[in-house]
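Please view the sequence and the structure before reading on.

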Amino acid sequence: MNTEIQQFKTEFFKALAHPMRIRILELLSEGEKNVNELQAILGSEGSAVSQQLAVLRAKNVVTSVKEGTTVIYALRDPLIKDLLVVAKQIFDNHLVNTISLLEGMRGE
């Protein structure tokens, strides 16, 4: 069982291992969006956005629902929003430690 959980975590974090995918998840944490909306916000080509959404769909990180000719994307699990918040907090802590280290080096 433990191996299955580790494998799930590995695949899940692989799905997050791209800056555009992270940004897409941040946008979807604000609410459902279609490709055109994501493309406009990201300032990126539709094919690039669609490619990253395909990875997120394949890894079961986002869901998609077709409404007419439009596909609407959403986070599969709302806890992903919390994960992104925690990741930012970890980054902020790392940044504070780095700044403190640099300030200490300047004082020498």
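Which helix gives the most to the lining of the largest pocket? H1 does, with 4 residues. The model is predicted: local features need pLDDT of at least 70, side-chain atom pairs count only at pLDDT 80 or more, and totals for chains, interfaces and linings use all residues. Residues are numbered from 1 along each chain as its sequence is written, and side-chain values use heavy atoms, with hydrogens and water left out. Helices (H or I, at least four residues) and strands (E, at least two) are DSSP runs, numbered from the N terminus.

**Largest pocket**

- The space in the largest pocket is about 230 Å³. A pocket is an open set of points on a 1 Å grid over the protein atoms alone, where a 1.4 Å probe fits, with protein on both sides within 12 Å along at least five of seven lines. Its volume is the space filled by probe spheres set on the points, which are joined across faces, edges and corners.
- Lining residues (those with an atom within 4 Å of a point) are Phe8, Lys9, Phe12, Phe13, Lys59, Asn60, Val61, Arg76, Asp77, Leu79, Ile80 and Leu83.
- Helix H1 (2-15) and helix H5 (79-106) each supply at least two residues of this lining.
- By class, the lining has 7 nonpolar, 1 polar and 4 charged residues. Ala, Val, Leu, Ile, Met, Phe, Trp, Tyr, Cys and Pro count as nonpolar, Asp, Glu, Lys and Arg as charged, and the others, Gly among them, as polar.

**Two lining residues**

- Phe8 sits in helix H1 and is exposed because its relative accessible area is 55%, where exposed means over 50%, buried under 20% and partly exposed in between (1.4 Å probe, protein chains only).
- From C-alpha to C-alpha, Phe8 and Lys81 are 18 Å apart in space, and they are 73 residues apart in sequence.
- Asn60 belongs to the loop between H4 and strand E2 (62-67), and its relative accessibility of 48% makes it partly exposed.
- Asn60 has a positive phi of about 60° although it is not a glycine. Most residues other than glycine have a negative phi.

**Helices H3 and H4**

- The axes of helix H3 (residues 35-42) and helix H4 (residues 46-58) come within 9 Å and cross at roughly 115°. Axes are lines fitted to C-alpha atoms, for helices over the stretch in contact, and angles run from 0 to 180 degrees between N-to-C directions.
- Val35, Leu38, Gln39 and Leu42 of H3 make the contact with Gly46, Val49, Ser50 and Leu53 of H4, where contact means heavy atoms within 4.5 Å.
- This contact has 5 nonpolar, 3 polar and no charged residues.
- Ser44 is placed in the loop between H3 and H4 and counts as buried because its relative accessibility is 16%.
- Leaving aside neighbours within four places in sequence, Ser44 is in contact with Met20, Gln39 and Val49.

- Beyond neighbours within four places in sequence, Leu25 is in contact with Leu16, Leu56, Val61, Val62, Leu75, Ile80 and Leu84.
- Ser29 lies in the loop between H2 and strand E1 (33-34) and is buried, at 18% relative accessibility.
- Not counting residues up to four places away in sequence, Ser29 touches Leu75 and Lys81.
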